[in-house]
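Here is a protein model to read through in questions and answers. Start with the sequence and the fold.

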Amino acid sequence: MSAKLEMRDIRFGYGQTPVLDHLSLSVQPQEFVSILGASGCGKSTILNLLCGTLRPQAGEMFVDGGPLTGISDHFAYMPQSDLLFDWQTILENVCLYGRIHGAYADAKAQAKENFAAFGLAGCEELYPRSLSGGMRQRAAFLRTSLCSADILLLDEPFGALDVISRGDMQQWLLSMRTRLSRTALLVTHDVDEAIYLSDRILVLGGRPAHVVREFPIAEKNRTRDWLFAQGSLRGEIYRCIKGETA
């Protein structure tokens, strides 16, 4: 199967500080891949390179086999903050993409069909201040899913939530993966989150950073009990992030 997304031998730095070097990775269609690594190793930089806000200093990037050289409609980027507009209703917020692209009526119709599936039934005319942190993140996911993009770039989307809400959102996203039917690249600091959600985990290491190890996650029937039993895998990934294993 041809890769949906590829980065080949990427190099990037800020000023005189190299961040990424000889970075290569690929993601298959509808695959969910997580990127782990120590703070400051360049995880979010990878997402910024893909969405076109930064440009690599060397190397190549491809989507569906074609070169990626700047901002592309293939990507929908979701940061840690939900970025909802407080003065607009939830329905208005999630239809932002449609409004920008002159398809507001179609976006509203599609959004209304999906409010229940995203756990937001009855919230259409509420304002963001009325929603919990988890509900606001679900609204942000609905807004992202209504984009025409076929690749989701998720940068710590649950990082601002408390541990219970974060667990609930991870469970929800796992249940939504088939419905969303998108390729996804997740940046996270949470090893358990990566294990629970991913088809593969890529660990960045080195200075400048590159992919030092890949962990495939083959389990299809994932539960919290299954996750709690992954102590050996969790320890192996943690040691890899710390640079204690090859």
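Buried means under 20% relative accessible area, exposed means over 50%, and partly exposed lies in between (1.4 Å probe, protein chains only). This is a predicted model: local features need pLDDT of at least 70, side-chain atom pairs count only at pLDDT 80 or more, and totals for chains, interfaces and linings use all residues. Residues are numbered from 1 along each chain as its sequence is written, and side-chain values use heavy atoms, with hydrogens and water left out.

Q: Is cysteine 95 buried or exposed?
A: Take the accessibility cut-off. Cysteine 95 has 1% relative accessibility. Buried means under 20%, so cysteine 95 counts as buried.

Q: How many disulfides does the count come to?
A: A disulfide is a pair of cysteine sulfur atoms within 2.5 Å. For cysteine 95, the nearest cysteine sulfur is that of cysteine 147, 11 Å away. For cysteine 240, the nearest is that of cysteine 41, also 11 Å away. By this rule the count comes to 0 disulfides.

Q: In what order do the 6 strands of the open sheet stand?
A: Helices (H or I, at least four residues) and strands (E, at least two) are DSSP runs, numbered from the N terminus. Two strands pair if DSSP finds at least two bridges between them. The pairing in this open sheet is mixed, and the order is E6-E7-E8-E3-E9-E10.

Q: Why is one side of E6 and of E10 left without a neighbour in the sheet?
A: Strand E6 (75-78) and strand E10 (210-216) stand at the edges. One side of each is left without a neighbour because each has a single partner strand.

Q: By how many degrees are neighbouring strands of this sheet turned against each other on average?
A: Axes are lines fitted to C-alpha atoms, for helices over the stretch in contact, and angles run from 0 to 180 degrees between N-to-C directions. For this average, direction is ignored. Neighbouring strands are turned by 20 degrees.

Q: Which residue in E10 is the bridge partner of arginine 200?
A: Strand E9 (residues 200-205) and E10 run antiparallel, joined by 6 bridges. The partner of arginine 200 in E10 is proline 216.

Q: At about what angle does helix H1 run to E7?
A: Contact means heavy atoms within 4.5 Å. Helix H1 (residues 43-51) lies across E3, E6, E7, E8 and E9. The angle between H1 and E7 is about 145 degrees.

Q: Which residue in the turn between E4 and E5 has a positive phi?
A: E4 and strand E5 (residues 66-67) pair in the antiparallel sense over 2 bridges. They form a hairpin with 2 residues between them. The phi is about 55 degrees, and the residue is aspartate 64.

Q: Which residue in E4 is the bridge partner of arginine 11?
A: Strand E1 (residues 5-14) and strand E4 (residues 58-63) run antiparallel, with 5 bridges. The partner of arginine 11 in E4 is alanine 58.

Q: Which residues touch the most other members of the largest nonpolar core?
A: A nonpolar core is a set of buried Ala, Val, Leu, Ile, Met, Phe, Trp, Tyr and Cys residues joined through side-chain atoms within 4.5 Å. The largest has 48 residues. Those touching the most other members are Val94, Phe141, Leu173, Ile201 and Ile237.

Q: How many residues does the second, separate core have?
A: Isoleucine 237 contacts residues including Leu36, Val203 and Phe215, leaving aside neighbours within four places in sequence. The second core is separate and includes Leu5, Phe12, Val19 and Val27. Its count is 28 residues.

Q: How many residues apart in sequence are the parts tied together by arginine 136 and aspartate 82?
A: A salt bridge is a side-chain nitrogen of Lys or Arg within 4 Å of a carboxyl oxygen of Asp or Glu. Arginine 136 and aspartate 82 meet in one at 2.8 Å, N to O. Arginine 136 lies in helix H5 (residues 133-145) and aspartate 82 in the loop between E6 and helix H2 (90-94), so the parts tied together are 54 residues apart.

Q: Which residues do salt bridges that share partners join into one network?
A: Arginine 166 forms a salt bridge with glutamate 193, with the closest N and O atoms 3.2 Å apart. Arginine 166 lies in helix H6 (residues 163-180) and glutamate 193 in helix H7 (residues 191-197). The network joins Glu156, Arg166, Asp190 and Glu193.
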